[in-house]
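Subject: Structure handover

Hi,

Here is the structure for you to look through. My notes come after it.

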Amino acid sequence: MIKMLREMTKDRYKALQLLADHIRTPSKDLSLNAIFKDVKDEDLKWVSEKIHYYLLRLLEEADYEKEEEVELVSLME
């Protein structure tokens with residue numbers, strides 16, 4: 001996880017935010033696919049909520065790492 005946070009760029013962070021917003025609620029296409037694949041709506045929502053939660057956690061950790069970097073730079077100056 002730490003290695004992944006080190007590889008987090010500003011653009012990757014923005015992409016992660018976009019994905020977290022998008023995954024919050026399943027799209028119509030995903031809901032239709034779930035019907036065709038015989039996946040219950042409640043199961044799709046449960047999985048989407050879990051993925052959304054972990055994406056938010058990843059964003060929080062990335063924010064924490066950025067703040068830590070700013071503090072280190074300030075201390076070095």
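This is a predicted model: local features need pLDDT of at least 70, side-chain atom pairs count only at pLDDT 80 or more; totals for chains, interfaces and linings use all residues.

Residues are numbered from 1 along each chain as its sequence is written, and side-chain values use heavy atoms, with hydrogens and water left out.

Salt bridges

How many salt bridges are there? The count comes to three. The rule asks for a side-chain nitrogen of Lys or Arg within 4 Å of a carboxyl oxygen of Asp or Glu.

Start with K14 and D11. Their closest N and O atoms are 3.7 Å apart. Both residues sit in helix α2 (residues 10-23). Helices here are DSSP runs of H or I, at least four residues long, numbered from the N terminus. K14 and D11 are three residues apart, about one turn of the helix. D11 counts as exposed because its relative accessibility is 55%. K14 is at 46%, so K14 counts as partly exposed. The cut-offs are these: buried is under 20% relative accessible area, exposed is over 50%, and partly exposed is in between (1.4 Å probe, protein chains only).

Next, R24 and D21. Their side chains form a salt bridge at 3.1 Å, N to O. R24 has a relative accessible area of 47%, so R24 is partly exposed. D21 is also at 47% and counts as partly exposed.

Then D41 and K45. This salt bridge is 3.4 Å, N to O. Both residues lie in helix α4, four residues apart, which is about one turn of the helix. D41 is partly exposed at 43%. K45 is partly exposed at 42%.

The histidine

Is H52 buried or exposed? H52 counts as buried because its relative accessibility is 13%. H52 belongs to helix α4, which spans residues 41-76. Which residues does H52 touch, leaving out those up to four places away in sequence? They are A20, I23 and R24. Contact here means heavy atoms within 4.5 Å. R24 is also the salt-bridge partner of D21.

The loop residue

D38 is not a glycine, yet its phi is positive, at about 60°. You will find D38 in the loop between α3 (28-36) and α4. With 71% relative accessibility, D38 counts as exposed.

Best wishes

Methods
Helices (H or I, at least four residues) and strands (E, at least two) are DSSP runs, numbered from the N terminus.
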